[in-house]
Structures are given as structure tokens and as C-alpha cells.
Amino acid sequence: MNFLLLTQLLAAAAAVFCIAAFALRLRTFLRLARPADRSALKGSPAKGVAYALTLGMAPWAKESTRRHAIAYLRGVGFHLTVFLSLGVLLLSPWLAQVPGPIRIGLAIVTGFGAALAFLGFVSRFFEKSLKALSAPDDYFAILLVSLFLAAGTVALWNLALLPMFYIASALVFVYMPLGKIRHCIYFFFSRLFFGKFFGRRGVFPHGQQEMTA
Amino acid sequence: MSEKTETALGVLQKQVNQPLAAALEVCARCGICTEACHYYQAEPIAAHMPSMRAEELRKVYRSEYDWLSKLFPAWTRSEKLTDEKLATLAEMAFTKCTLCARCTINCPMGVDTPLLMTSIRAMATATGNAPEILEMLADSAIEKGRDPSSYLGYFLDSIKDMEKELQELTGNPQARIPVQKKGARILYVALAGAHTILPAAAIFETVREDWTLSIYEAANYGVFLGDASRAKAIARRIADEARELGVQEIVISECGHAYYAMRWTAPNWFGDEFNFRVRSIVEVIADYVQRGRLDLDPAANPEPIAYHDSCNLGRKGGVIEEPRIIMKAVTTDFRELTPSREEAYCCGGGSGLVANPDVMDLRMLTGKPKVEQVRRSGASIVVAACENCRLQLGDLSAHYGAGFGVTAIADLVVKAMRLPGAKNTIETAMTSAQLDAVRVEK
């Protein structure tokens with residue numbers, strides 16, 4: 001068995017572990033009660049949810065993200081490149097068939113994401129409020145994802161380095177459901193509850209307040 | 001593990017449902033919410049970061065529910081619950097957060113920090129760590145509900161006296177404040193004191209509304225305690241009264257948390273039994289204004305006047321446009337505070353803080369961003385549709401020598417109605433000391 005195949009199998013096994021662990025988490029979460037809201041509607045929960053998952057995420061939608069636009073966009077950019085890198089990972093057995101300029105273009109994007117992620121790691125050391133909030137888990141998680149993105153970038157640049165990407169991916173997959181990165185599966189639920197709450201009251205999206213007699 | 005911590009963890013376990021679990025798990029500790037909090041605005045220290053406060057509960061949660069944290073607590077900074085930790089959590093949840101939800105709307109994940117803080121309040125209340133004054137006020141309200149006859153005679157006498165004032169105010173000797181009127185359309189639930197009854201009565205009288213006054217107060221201190229059973233018992237008195245009288249609608253006085261409890265929470269407590277429409281008096285007055293049922297002269301209120309959005313009424317309650325409809329109809333120089341509406345700053349007195357004399361200094365500190373907002377607006381009067389906000393704003397104005405007056409929406413409306421017996425001035429100097437006086441009197 002060559003080294004490439006070995007690392008591919010390692011990444012695949014880690015991915016299976018990750019999916020199984022997340023499935024278990026999700027099952028535990030979905031077994032919890034979801035209280036029904038029986039209060040009379042003032043606005044639309046559906047519109048609120050749609051807003052929470054779209055325009056409500058825009059940098060201009062919140063005072064905090066207007067104030068911290070750069071930090072917020074850094075976070076958004078880094079998360080988008082994580083998804084892009086996961087796509088690259090899925091397509092990796094066929095990367096050799098992707099034209100060179102496209103691979104290089106993708107490498108530039110994921111490399112940018114890696115830089116954004118690494119900046120996030122560094123900022124946890126220097127930004128007072130972030131430092132106060134951070135546990136070792138936070139530093140490790142962002143460093144791990146930075147390495148994953150960086151490994152994806154070098155693998156896109158030079159296919160001979162794909163095993164490095166697979167090893168980094170395996171590490172991320174194993175840690176994902178255990179540590180802080182697991183917040184990803186709760187994100188949609190949190191935004192869903194947010195949207196339902198404020199949508200029901202007609203607070204979000206703006207302009208849906210109706211005067212009812 | 002002590003009995004107290006065991007009880008507290010039991011309360012936490014009972015409360016963990018999907019929204020709470022999401023709020024506990026989703027935070028990425030990005031710190032974006034930091035400046036959204038008025039505590040942090042007033043005193044920028046790490047302990048005032050909303051995410052930091054929420055972390056205090058998460059540490060305990062992780063130590064119980066997350067196996068990585070159980071194995072390596074230092075790695076995730078998890079912490080076992082102890083009696084000391086419980087007392088610290090209780091102190092934080094009851095005094096360092098007003099449950100205003102400003103951090104929630106500013107969080108990229110939408111973390112419901114008020115839900116986390118309410119859970120801590122519930123844990124604290126169940127273990128005797130809640131502020132005594134809140135427990136006392138909640139229990140006294142429940143007691144009144146059990147036996148209204150103990151105070152009904154005195155209450156009806158005071159309403160008779162108030163009726164005379166209403167007749168003078170409206171110039172109508174037939175004006176009445178109906179109590180326990182069966183079949184009335186509206187059950188109006190006021191707060192302690194004539195100031196939340198008379199203006200509403202004058203407005204109802206003018207539009208010939210079919211209404212009756214509740215024998216109970218709207219305030220619900222059970223909500224502040226995070227104690228659903230006590231909150232429910234307090235709300236039940238009003239729900240039962242509404243059912244017995246056969247009203248169609250419960251209208252809540254200008255009180256943020258009372259509105260929130262009856263409008264948004266009570267239907268979930270009582271289910272099908274709770275088949276009344278619930279509105280704030282602010283929504284009802286806005287409706288009258290829009291339908292042209294009130295003859296209003298905005299020149300009666302020529303001062304620069306700002307409206308403060310109460311968190312329970314505005315951001316958490318959805319009553320955002322209605323007060324503005326009224327303000328524009330009854331004033332000539334209405335000014336918006338910046339930021340306002342759902343982005344408004346909490347005044348610093350919400351969620352029971354105004355009732356707690358031990359936190360006066362803290363209230364004055366954390367209300368500073370609000371005072372600065374008012375100063376920037378140039379308003380000489382601030383209107384708030386919430387009693388706790390009005391008391392806090394009155395205290396703030398006096399503390400900082402800001403010189404602005406504080407009043408309720410209904411008072412401005414009554415002044416703009418140019419009633420024959422109306423005074424030229426309105427009461428604008430409300431402070432928490434006055435509230436204490438009312439309590440002593442009662």
C-alpha cells in the first residue's frame with residue numbers, strides 16, 4: 001500500500017468517525033424538547049427565519065458587524081474557504097484532471113482563507129477581549145483549521161503533497177465533533193430559533209410591523 | 001456534591017431543551033457581541049462581555065455534559081459547580097445582565113444569552129440564591145391572588161376616590177372606573193398607584209371603550225426569578241379574572257415585563273385555556289390614534305421629547321412602531337435616540353434590578369450610555385412605556401444631573417387631549433424612591 005492510499009484511507013476513516021459522531025450529537029439534540037410557541041403572531045416566523053439565514057447575516061445588518069466589519073468578514077471568508085476546501089477534499093482523487101490554472105486559482109483562494117484563519121489564531125493572543133474568552137480548545141481549533149486550509153492550498157499547488165492534506169483532514173475530522181468546531185452543527189438551529197423568535201414578534205425582518213385593529 | 005449544587009444541576013437538566021442546548025453549544029467565542037452590552041459600554045472589562053457571562057454557565061454545562069471536558073477540564077476551561085460557583089453565577093445573572101437581548105441581535109450566531117441567564121436565575125431561585133426582595137414581591141402577588149378579599153375593600157374605596165379625580169379630569173360627572181364588570185370587552189391590568197390607572201381611564205372614557213379594571217397588578221416578579229411556577233401563578237390570577245368576566249382582550253399597562261409575560265409567555269403556560277387577545281395599552285392607544293378616535297393637540301407637548309424603547313416591549317416584544325405613531329400625534333418636537341428601535345440600549349434597570357436597592361450604584365453606572373444618548377438627542381423629556389425604565393431613567397437623570405424629565409406615553413396623550421381638568425404640566429420626575437414609597441403605602 002502506498003503512502004497516498006494510506007493517507008486517503010486515514011482521511012476516509014476519520015470522515016466516517018466525524019459523520020457518526022455528529023449524527024449521534026444531532027440525535028441527542030433532536031431528542032430534546034422543542035417548546036411550541038402558542039402566542040398569537042404579530043409578524044411571520046417564516047420571514048424571520050428566512051431573514052436570519054440570509055440578510056440577517058449581512059455585515060450591515062447588525063451594529064456589531066458594522067463596528068467589527070473587518071473581523072466579521074475575516075470570519076465569513078475563512079468559513080467559506082473551509083467549505084471550499086472540503087469540496088476540494090472530496091474531489092481530490094480527480095484533482096490531476098483539473099486544469100492547472102483552475103487549481104492554482106483555487107489554491108490562491110484557499111491560501112487566502114488559511115491566512116485569514118491564521119490571523120484569527122494570532123488575534124486570540126493579542127485582542128484583549130478575545131484572549132480573555134479563549135480556552136486552549138479555541139487556539140487549537142483555529143490552528144488546526146488553519147493547517148487544514150494551508151495543507152489544501154499546497155496540495156492544490158503541488159499534487160505530490162496531497163498526503164499532507166489528507167493527514168490534516170483526518171486530524172480536523174477527528175477533532176471536529178469533540179472540540180469547539182462542533183458549533184457548526186448548532187449554527188443553523190440557533191439561527192432558526194432566532195428567526196422564529198424575532199419573526200413572530202415582527203421585529204425582523206424590518207418593516208413587517210402591521211397595525212392590527 | 002452538596003444538596004444545593006445537586007438541586008441546581010437538576011434544574012439545569014430539566015431546562016435543557018433545543019433552544020437552550022443550541023445557545024450553550026453554538027458560541028464560537030468570537031467576541032463580536034462585546035460592545036453590544038450596555039454594561040461593557042459603561043465599563044469595558046472582560047467580565048461585562050456577554051459571551052464571557054454566558055461562558056460561566058457553559059463551563060458548568062461542559063463539565064456535566066461534554067466528555068472531552070470531563071477528561072480534560074483545563075482544555076475547555078470547564079468548571080464543576082460548587083456552592084461558591086453557584087453564588088457567583090446567581091450574583092451575575094441577577095445583577096450583571098438585564099436580559100435585554102441586545103447581545104442576541106448582535107451575535108452572528110444569534111446566541112440567546114437572556115435564555116442562559118434566565119436558566120441561571122432558575123437554578124439560583126431553586127437553591128435560595130435569588131435576591132430576597134424579588135422572592136418577597138412574587139410571593140406577595142401570589143398570596144393576593146389566593147385571597148383577594150383581604151384587600152378588595154380598600155382597593156374599591158381607592159378606586160372610588162380615583163373616580164372623582166377622573167370626573168374632574170374629564171369634566172364628565174358620569175365618568176366611571178369600572179371594576180369587575182362582567183362582559184366588558186377589555187380587562188385593563190394596571191400597576192400599583194393611580195398614575196397607571198387615571199390616564200388610561202381618561203382615554204378609555206373619551207373613546208367610550210367598554211372596559212373594566214383588573215383587581216390585580218400587572219407586575220410579575222416570578223418572571224425575574226426565572227421561576228416558571230411562580231410566574232405562572234401570578235399570571236393565572238389575571239387569566240382567571242379575564243375568564244370569569246368574559247372579556248375578549250387583556251390590555252396591559254405601560255409595563256415592559258408584564259406585557260412580555262402576558263403577551264408572549266402566558267399563552268405557552270396556559271394553552272387553550274388562554275384564549276384572549278393580549279395587547280399593551282400602547283398598541284391600543286396607537287389604534288385609537290390611527291382610527292381618529294382621539295382629538296389630539298400636539299402643541300400641548302411642545303418640548304423636545306424622546307422615546308426610549310423598553311427592551312421587553314420593543315426588541316423582545318415587537319411594539320416598536322406603535323409608540324412612534326402616538327408620539328408623532330401628541331408632540332411637536334419628537335426626537336429619536338440613536339440607536340433606537342430594536343437596537344436601543346437598555347436603560348440599565350430592567351429584569352428586576354430597579355426593585356433591588358443593593359444595585360443602585362451598578363444601575364447608575366450601566367445606565368450611563370442611555371444618559372449620553374438622551375443628552376445627544378437634546379430632549380428635555382424622555383418617554384418610556386415601562387415603569388421600570390421610567391424609574392431607572394428618573395434615577396439616572398437625578399444622578400447625572402442630566403435634567404431631563406421622564407413620563408409615560410398615556411400622560412402625554414392625556415395632555416394632548418386638552419381635557420378640561422388636565423394640569424398644564426405632567427409628572428416627569430419619577431424615581432425608584434417614589435416606588436419604594438408606593439410599596440410602603442401599600
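**Exercise 1. Find what covers the buried residues of helix H1 of chain A, and name those residues.**

Step 1. Helix H8 (162-175) of chain A is among the elements that cover the buried residues of H1(A). Covering rests on contact, which means C-beta atoms, placed from the backbone, within 7 Å. Helices (H or I, at least four residues) and strands (E, at least two) are DSSP runs, numbered from the N terminus.

Step 2. The buried residues of H1(A) are Ala11(A), Ala14(A) and Cys18(A). A residue is buried if 20 or more other C-beta atoms lie within 10 Å of its own, exposed if 12 or fewer, and partly exposed in between.

Step 3. H1(A) runs over residues 3-31, 29 residues in total. From first C-alpha to last, H1(A) reaches 42 Å, close to the 42 Å expected at 1.5 Å a residue. The expected span is 1.5 Å times one less than the number of residues.

**A note on the model.** This is a predicted model: local features need pLDDT of at least 70, side-chain atom pairs count only at pLDDT 80 or more, and totals for chains, interfaces and linings use all residues. Residues are numbered from 1 along each chain as its sequence is written, while chains are lettered from A and ligands numbered from 1 in the order in which they are written.

**Exercise 2. Describe chain A as a whole.**

Step 1. Count the elements: chain A has nine helices and zero strands.

Step 2. Take the extent. The C-alpha trace of chain A spans about 75 × 40 × 40 Å along its principal axes.

Step 3. Check burial. Of the 213 residues of chain A, 38% are buried.

Step 4. Look at contacts between residues at least 6 apart in sequence. In chain A, 77% of these join residues at least 24 apart.

**Exercise 3. Judge the confidence in chain A.**

Step 1. pLDDT is the predictor's confidence in each residue, from 0 to 100. Chain A averages 95, and 97% of the residues score at least 70.

Step 2. Compare elements. Helix H6 (residues 128-133) of chain A has the lowest mean pLDDT (92), and H8(A) the highest (98).

**Exercise 4. Describe the contact between chains A and B.**

Step 1. Chain B gives 52 residues to the contact and chain A gives 47 residues.

Step 2. On the side of chain B that touches chain A, H2(B) gives the most, with six residues.

Step 3. Sort that side of chain B by class: 26 nonpolar, 13 polar and 13 charged residues. Ala, Val, Leu, Ile, Met, Phe, Trp, Tyr, Cys and Pro count as nonpolar, Asp, Glu, Lys and Arg as charged, and the others, Gly among them, as polar.

How values were computed. Two residues are in contact if their C-beta atoms, placed from the backbone, lie within 7 Å.
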